[in-house]
Amino acid sequence: MMYKSLLIIVSSLITACSNRESNGDGENKSAVYHVQKAADFQVTGDGSNENWGKAEWIVLAKREQFKDNPLQTNVKALYSETGLYFLFSCQDNKLTSSMNADFMDLWKEDVAEVFLWPDENYPTYFEYEISPLNHELPILVANTNGDLLRWQPFHYDADRQTDHETAALGGEKKPGAAVDGWVAEFFIPYKLLIPLNHVPPHKGDRWRANFYRVDYDEPKSVSWLWQLTKNTFHDYESFGSIIFN
C-alpha cells in the first residue's frame, strides 16, 4: 500500500515538473510560497494524508553546472495550530547515506534541508536536515557576517521533538541501495522554534525560507535549491518568502 502511494507521488511530480516552471529564479524575497493551513495529522513518510492535497509542489532548481542531471526534487509545506509540515520527494538512483544516528554531519551525504528565518531583524534562523535513512539534524544558527554559530536542542523533550519518517522508492531503505527515489515527511513543532521571534506564525505573516537537497551519487555532489544562493546555503539574504494563508 505504501509503495503504491509513493508511486502516485512520483507520477504527480512528473506532471508537476512538466507543467510548472522552476521557482529557483533568484528573485529571492519577492519569490513567495503560500503555506496553507491544515488540521494536525500523523506523519507516515509516504505523503498520503489528504491534507497534502491543499499544498502546491515547489519544483526545486539546480545550479547551472548541474543542469544536465535529470533527477528532480520537489517540496510541499503546510502549517497547523502546533507546527509546520514538510514533504520532500527526491528522484534518485542510489541512497548515498550511511550515518546511523541523529545529530551527525548529515549534509556530507544525501540530505534534504529546510531553513526558516522568521525575523529579518536578526540573522538567526532554524535549519533542519533529514537523511533518507530517517536521521535528523535540527539546529539553530546565528549567522554573524558568515560566522556560523550552531546550537542543538538541549532537553529535547517530547513536546519539542519533531516527527519524521522517510521511505525509499523502488528499493530498500538501506545504505547504498539502488532506488528510484526517496520521500521525507516531517513535522516541526513551534515549541522547538520558540527562541526565534514571530513564532508561532499568524495568518498573513511572512517568513524568509529556503529549501535544499544534496545528492552524492555523482563524483561531485549535486544540489537543488528553491532560491539560488551565492556561495553557501547560509546566504540568508537570498532566501525566498513563505506567507501563511
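Let's start with a space: the largest pocket holds about 240 Å³. A pocket here is an open set of points on a 1 Å grid over the protein atoms alone, with protein on both sides within 12 Å along at least five of seven lines, and lining residues have an atom within 4 Å of a point. The volume is the space filled by probe spheres set on those points, which are joined across faces, edges and corners.

Of the 17 lining residues, Trp 107, Glu 113, Thr 232, Phe 233 and His 234 are the closest to the centre of this pocket. Before going on, please keep in mind that this is a predicted model, where local features need pLDDT of at least 70, side-chain atom pairs count only at pLDDT 80 or more, and totals for chains, interfaces and linings use all residues. Residues are numbered from 1 along each chain as its sequence is written, and side-chain values use heavy atoms, with hydrogens and water left out.

Which strands each supply at least two residues of the lining? They are S6 (111–117), S7 (124–130) and S8 (136–144). Strands, by the way, are DSSP runs (E, at least two residues), and helices are runs of H or I with at least four, both numbered from the N terminus. By class, the lining has seven nonpolar, four polar and six charged residues. Asp, Glu, Lys and Arg count as charged; Ala, Val, Leu, Ile, Met, Phe, Trp, Tyr, Cys and Pro count as nonpolar; the others, Gly among them, are polar.

Now look at Glu 113, which is found in strand S6. Is Glu 113 buried or exposed? Its relative accessible area is 2%, so Glu 113 is buried. Buried means under 20% relative accessible area, exposed means over 50%, and partly exposed is in between, using a 1.4 Å probe and protein chains only. Leaving aside neighbours within four places in sequence, Glu 113 is in contact with several residues, including Trp 107, Glu 127, Tyr 128 and Phe 233. Contact means heavy atoms within 4.5 Å.

Phe 233 brings us to the cores. The largest nonpolar core has 54 residues, and those with the most contacts inside it are Phe 88, Leu 116, Phe 211 and Ile 242. Another core, of 15 residues, lies apart from it and includes Phe 115, Trp 117, Ile 139 and Phe 233. A nonpolar core is a set of buried Ala, Val, Leu, Ile, Met, Phe, Trp, Tyr and Cys residues joined through side-chain atoms within 4.5 Å.

Next, the strand pairs. S7 and S8 pair in the antiparallel sense over seven bridges, and two strands pair if DSSP finds at least two bridges between them. Phe 126 has Leu 140 in S8 as its bridge partner. On S11 (residues 181–189), nine of nine residues are buried. S11 pairs antiparallel with S5 (residues 83–91) over nine bridges, and Ser 89 stands opposite Val 183.

Most residues other than glycine have a negative phi, and most peptide bonds are trans. Asn 134, in the loop between S7 and S8, has a positive phi of about 75° although it is not a glycine. His 198 also has a positive phi, of about 65°, and lies in the loop between H2 and S12. A cis peptide bond joins Val 199 and Pro 200, with omega about 0°.

Key:
1 Å grid on protein atoms, 1.4 Å probe; cavity = no way out; pocket = protein on both sides within 12 Å on 5 of 7 lines; lining within 4 Å.
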